[in-house]
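User: I would like to learn how to read the surroundings of a single residue and then the fold around it. Could you take me through this model?

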Amino acid sequence: MWKEQIMHVLFATSEVAPYSKTGGLGDVCGALPKALVRLGCKVSVVTPYYKSVADYFQRTGEPCESLYGVTLSAPVGNKTIRAGVIKATVSGVDFYFIEHNDYFNREGLYNYQGIDYEDNHERFSFFSQAALELVTALDLDVNVVHAHDWQTGLVPVYLDAVYKSRSKFDVSSGFGNSVRPQFDNTADRAQKFDDIKSVITIHNLRHQGRFWRGAMDVTGLDWSYFTYDKMEFFGQLNFLKSGIVFSDMITTVSPKYAQEIQTEEFGERLQGVLQLRSPSLRGILNGIDIDEWNPATDKYIAANYDLETFEIGKPKCKAALQQELGLNQDPNTPLLGVVSRFDPQKGLDLIADCAAELIEHEGVQFAILGSGDETLGSRFHMLSKRYPQSFALRNEFSIGMSHKIEAGADLFLMPSRYEPCGLNQMYSLRYGTLPLVHDVGGLHDTVVNASDENIANGTGNGFVFYWENVDDMRRALNWALYVYRCRKDDWKSIIRTAMSSDLSWEKSAREYLNLYEEMTAEN
Ligand code: ADP
Ligand code: GLC
């Protein structure tokens with residue numbers, strides 16, 4: 001690619017904040033495109049038009065337009081599915097929402113009341129094709145298609161197997177191109193796609209999009225791809241594995257997680273394929289949206305503060321949080337915060353295991369916000385009934401409350417079993433709420449344990465434990481509580497280190513841009 005040409009990246013994603021979000025994927029796909037635009041990239045984002053997106057536009061009155069006359073169609077099993085396109089442009093990023101009532105106008109993104117939709121394979125194999133159909137329908141000059149997680153794992157597959165003139169697997173497998181009669185594969189169209197490169201980002205290896213083998217027929221892809229080295233996984237069809245095999249490059253959201261996923265412990269049975277693709281695998285740490293997560297301007301919190309004023313602002317936020325949650329109004333009681341999906345990944349059962357003892361013997365308070373797993377939810381619920389003035393639970397999804405906890409707590413707990421990157425520990429750092437984390441993935445890459453040595457050399461910005469068990473978490477917590485109570489000047493200097501960390505997207509966006517440039521350099 002000529003340097004003067006603008007790099008055009010098409011993000012294909014199943015979530016993008018503020019329109020749709022179940023977790024960090026939405027945050028990343030909301031913020032990274034903006035950061036890339038600031039570096040001179042052109043970014044288009046293609047994503048489903050869920051009910052939450054329609055609600056968002058209705059609630060905010062922000063402008064969006066239906067692209068009349070544009071219909072995207074793609075085969076799904078024996079049917080041809082057609083969808084409309086809605087466009088909005090924000091901060092220089094073009095958002096294209098794929099409108100298909102049956103598939104996307106639903107309450108949940110992937111499930112309803114905890115039960116996965118039965119047609120997720122259909123919905124996302126259609127969406128993956130629609131993302132590529134958009135390129136022809138709007139004649140976009142795309143250099144790189146950037147897919148995210150299993151939901152768009154088939155984007156690199158369709159690109160290679162259907163949209164390009166030749167599949168990269170033709171020769172090595174001895175199988176023909178997988179083009180089936182129902183796919184429109186004119187030479188003209190192939191030319192447009194031949195130079196497009198693909199990258200897939202793994203945000204969470206546990207969620208792979210695994211379906212029974214018959215789903216192959218729904219994708220319309222040739223059964224010759226249903227082999228252990230391509231789309232098949234222990235007898236099932238695996239969308240994420242397919243994306244890993246077919247894309248030109250693979251990234252994940254922290255350098256540590258990039259290493260971890262190549263091991264048996266964290267590899268979720270995909271370590272073999274990831275080891276094979278190791279030369280094309282990179283870990284690029286997420287950033288955070290520093291406009292949305294800024295204690296100096298945050299609209300949700302009781303008092304704004306920054307590095308100079310946190311000693312005045314944070315206690316006000318803490319008092320307001322204690323009051324709103326019905327906790328004892330005591331400025332000196334350590335307040336421990338959690339904002340999280342309730343999922344085994346997050347290791348929150350360790351907190352449930354020792355909360356009563358911590359309240360009774362250490363006199364701490366908890367402010368917990370989250371939803372998901374009901375067993376964990378009910379354990380927390382019982383604690384909140386037993387200790388109403390010390391243990392507060394908000395069993396819901398609330399953006400406002402997540403900001404209030406980030407600002408008002410003293411410590412923020414993330415005992416995750418694994419954590420590809422994690423955003424909340426970074427929000428905590430920026431809000432001077434010291435994170436206490438398990439040493440895995442992105443937590444390892446962002447939190448430096450405030451040991452005596454690291455307090456002295458000014459690098460400690462939180463607290464780390466190394467073994468996934470209550471005793472080791474308690475050990476780290478004991479140390480944190482001791483510093484909080486008995487070494488107040490050190491506590492403040494750790495807060496200063498935390499609040500000074502560079503967490504912006506700019507550095508990471510530059511790494512993505514370098515990657516796109518490397519990938520397209522040979523064109
Ligand atoms: P994950 O994507 O694994 O859930 P991350 O730390 O990357 O973990 O991102 C989680 C995101 O979701 C953060 O922005 C966090 O504030 C938000 N979040 C999680 N649970 C809730 C909740 N109950 N209410 C509001 N925001 C939440
Ligand atoms: C996933 C991971 C989380 C990461 C997020 C955004 O949901 O669980 O660690 O921060 O994706 O990349």
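User: Which residues is asparagine 294 in contact with, leaving aside its neighbours within four places in sequence?

Analyst: Contact means heavy atoms within 4.5 Å; on that reading, and leaving aside neighbours within four places in sequence, asparagine 294 is in contact with Arg430 and Tyr431. This is a predicted model, in which local features need pLDDT of at least 70, side-chain atom pairs count only at pLDDT 80 or more, and totals for chains, interfaces and linings use all residues. Residues are numbered from 1 along each chain as its sequence is written, and side-chain values use heavy atoms, with hydrogens and water left out.

User: Where is the place of asparagine 294, and is asparagine 294 buried or exposed?

Analyst: Helices (H or I, at least four residues) and strands (E, at least two) are DSSP runs, numbered from the N terminus; asparagine 294 has its place in the loop between strand E15 (281–283) and helix H12 (310–325). Buried means under 20% relative accessible area, exposed over 50%, and partly exposed in between, with a 1.4 Å probe and protein chains only. Asparagine 294 is buried, because its relative accessible area is 17%.

User: What does the side chain of asparagine 294 reach?

Analyst: The side chain of asparagine 294 reaches the backbone nitrogen of alanine 296 at 3.0 Å.

User: How many helices and strands does the protein chain have, and what share of its residues is buried?

Analyst: The protein chain has 21 helices and 21 strands, and buried residues account for 59% of its 523 residues. Among contacts between residues at least 6 apart in sequence, 72% join residues at least 24 apart.

Technical notes: Chains lettered and ligands numbered in written order. Polar contact = N/O pair within 3.5 Å; in protein donor to acceptor, adjacent residues only side chain to side chain.
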